[in-house]
Amino acid sequence: MNKSVHKALQILELFTEETRELSLNDISKRLNMPKPTAYRLVTTLETRDYLMKIREGQDSSYRLGLKLLELGQLVSNQLEIREHALPIMQELVKNINEAVHLVVIRQNEAVYIEKVDSTRTIRLYTRVGKRSPLHIGSGPKLLLAFLAKDKQKGILEELDEETKRRLQLELKRILKQGYAFSEGEQDANTIGISYPIFNYKNQVIASLTVSGLSSYFTDDNLQKIKRETKLAAYDISKKMGYLG
């Protein structure tokens with residue numbers, strides 16, 4: 001166990017609904033911690049926005065910072081979106097009988113946070129918790145296309161020039177057509193189709209991804225899959241407060 005991290009977490013855990021504000025002296029006494037140590041840890045937490053200083057002086061006072069609100073919102077959104085998306089995903093699978101995934105971005109990777117399988121004998125091997133680079137597959141690439149330009153640029157800079165140029169063109173196409181399409185990128189002889197899920201701020205927070213064997217994604221069935229997936233993504237978006 002890292003002692004410094006442990007002590008920093010102890011400081012954060014001192015704050016409760018009843019104890020919203022603590023002075024440096026309070027923190028030092030409650031944790032039986034030398035005041036210089038408490039000051040060093042509190043200053044680091046303040047610099048990273050986990051604490052905010054609300055009163056200056058010989059014994060400054062602190063409250064929890066906005067970074068914790070931001071992280072809490074991420075957890076809340078992830079739990080909320082899975083709760084809202086699952087029944088809609090289950091209904092989508094009934095309509096198209098292909099595997100449906102819910103994909104989000106975490107730490108510059110695509111993470112599959114929910115899945116509903118088809119009833120087909122041959123199924124794709126995917127699992128909840130699977131991680132993928134953002135430049136491979138329809139779900140990850142859709143999320144990359146809608147990512148803030150500065151973050152997108154940082155991810156693209158890690159790729160070789162040829163891949164970068166090809167991907168930039170594809171990301172523009174995704175934004176123009178409103179969905180992503182991939183073939184054989186994660187598994188041979190498979191197709192993926194992904195549509196964006198928006199929140200109340202009009203931000204893309206997830207990708208609804210349908211994937212299956214290429215032989216099933218043809219002609220009228222392909223059009224049906226695209227139509228039903230787009231409607232399902234819109235229904236989930238409405239559950240997340242999206243107004244269109």
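Which elements each supply at least two residues of the lining of the second largest pocket? In this predicted model, local features need pLDDT of at least 70 and side-chain atom pairs count only at pLDDT 80 or more, while totals for chains, interfaces and linings use all residues. Residues are numbered from 1 along each chain as its sequence is written, and side-chain values use heavy atoms, with hydrogens and water left out.

The elements in question are β8 (190-198) and α8 (219-239); helices (H or I, at least four residues) and strands (E, at least two) are DSSP runs numbered from the N terminus. Helix α8 gives the most to this lining, with 4 residues. The lining consists of Gln177, Gly178, Tyr195, Pro196, Phe198, Lys230, Ala233, Tyr234, Ser237 and Tyr242. By class, 6 of these residues are nonpolar, 3 polar and 1 charged, where Ala, Val, Leu, Ile, Met, Phe, Trp, Tyr, Cys and Pro count as nonpolar, Asp, Glu, Lys and Arg as charged, and the others, Gly among them, as polar. The second largest pocket holds about 150 Å³ of space, a volume being the space filled by probe spheres set on grid points that are joined across faces, edges and corners.

Cavities were also examined. On a 1 Å grid over the protein atoms alone, a cavity is a set of points where a 1.4 Å probe fits but cannot get out, whereas a pocket is an open set with protein on both sides within 12 Å along at least five of seven lines; lining residues have an atom within 4 Å of a point. The structure holds 2 cavities of 30 Å³ or more, and the largest cavity has a volume of about 190 Å³. Its lining comprises 21 residues, of which Tyr112, Ser182, Gln186, Gly192 and Ser211 lie nearest the centre. These lining residues divide into 4 nonpolar, 13 polar and 4 charged.

Helix packing was described for α1 (residues 3-13) and α3 (residues 35-47), whose axes come within 10 Å and cross at roughly 75°. Axes are lines fitted to C-alpha atoms, for helices over the stretch in contact, and angles run from 0 to 180 degrees between N-to-C directions. Helix α1 is therefore roughly perpendicular to α3 (65 to 115 degrees). Contact (heavy atoms within 4.5 Å) is made by Ser4, Lys7, Ala8, Ile11 and Leu12 of α1 and by Arg40, Leu41, Val42 and Leu45 of α3. Arginine 40 is partly exposed, with a relative accessible area of 44% (buried means under 20%, exposed over 50%, and partly exposed in between, with a 1.4 Å probe and protein chains only).

Notes:
Angles under 35 degrees count as roughly parallel, over 145 as roughly antiparallel, 65 to 115 as roughly perpendicular and the rest as oblique.
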